[in-house]
Every structure is written in structure tokens, then in C-alpha cells.
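Here is a short report on one protein chain. Look at the model first, then read on.

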Amino acid sequence: MKKKGGRKILGFMVKEEKEENRGSVEFQVFSFTNKIRRLASHMELHKKDFSSERGLRRLLGKRQRLLAYLAKKNRVRYKKLISQLDIREK
């Protein structure tokens, strides 16, 4: 992962690839992961922001469901994705 301006950028998602495959499971998990990381850093500063906490929980659930779907359909793509995003497997 590269750090640019305080934000983490994941290098494996090339711009051309993102524009072509926005509906793919991998891209959706990638975008949810970015949103989750942003919200998690926000929650560290604002511990009593319960509406953002609810949004964070919803995003975590959506990402979890997408990862479960991908693990069921294609285990190789699932393993590759969780290793690239540096998220742990349950």
C-alpha cells in the first residue's frame, strides 16, 4: 500500500481497471474497504458519533456478504482479494 496525502491508496486497482469493472465484486469490496478505513479513522476521533458507527456497521455487513459470495463462487479470486486488501479471513 502506498500512502498519498494521508490516505492509503491500494496499488493493484489500476484506474483503467476501475472504470471498466465497477460492478465486479472485487471493485465493490475495494470501495467498501476504503470507506470502512475512512470511517474507522473518523470513529477513533469521534467515539460518540453513533450515526457514523451505524453506517460503519452497515458497510462491514455489506462487505462481509460480498466476500461470502465470492468465497462460495470462486475461492481463488477470494484468497487473492483478501491478501491484496490486507483484510483477514474468518
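## The core

The largest nonpolar core holds 18 residues. Val 29, Leu 67, Tyr 78, Leu 81 and Leu 85 have the most contacts inside this core. A nonpolar core is a set of buried Ala, Val, Leu, Ile, Met, Phe, Trp, Tyr and Cys residues joined through side-chain atoms within 4.5 Å. Buried means under 20% relative accessible area, exposed means over 50%, and partly exposed lies in between (1.4 Å probe, protein chains only).

Which elements give two or more residues to this core? They are helix 2 (25–45), helix 3 (50–73) and helix 4 (75–85). Helix 2 gives the most, with seven residues. In soluble globular proteins, nonpolar side chains tend to be buried together.

This is a predicted model: local features need pLDDT of at least 70, side-chain atom pairs count only at pLDDT 80 or more, and totals for chains, interfaces and linings use all residues. Residues are numbered from 1 along each chain as its sequence is written, and side-chain values use heavy atoms, with hydrogens and water left out.

## The whole chain

The chain has four helices and two strands. Read from the N terminus, the order is β-β-α-α-α-α. Helices (H or I, at least four residues) and strands (E, at least two) are DSSP runs, numbered from the N terminus.

Of the 90 residues in the chain, 28% are buried. The accessible surface comes to about 7,000 Å². Carbon and sulfur atoms account for 50% of that surface. Such areas come from the Shrake-Rupley method with a 1.4 Å probe; for residues, only the protein chains shown count as cover.

Now take the contacts with a separation of 6 or more: 50% of them join residues 24 or more positions apart. Contact means heavy atoms within 4.5 Å.

## An aromatic pair

The structure holds one aromatic pair. Phe 27 and Phe 30 form this pair, which is tilted, at 6.1 Å centre to centre and 45 degrees between the planes. Rings of Phe, Tyr and Trp (its six-membered ring) pair if their centres lie within 6.5 Å; planes under 30 degrees apart count as stacked, over 60 as edge-to-face and the rest as tilted. Phe 27 and Phe 30 are three residues apart in helix 2, so about one helical turn separates them.

Asp 86 is found in the segment after helix 4. This residue has a positive phi of about 60 degrees, although it is not a glycine.

| Residue | Relative accessible area | Class |
|---|---|---|
| Phe 27 | 15% | buried |
| Phe 30 | 6% | buried |
| Asp 86 | 58% | exposed |
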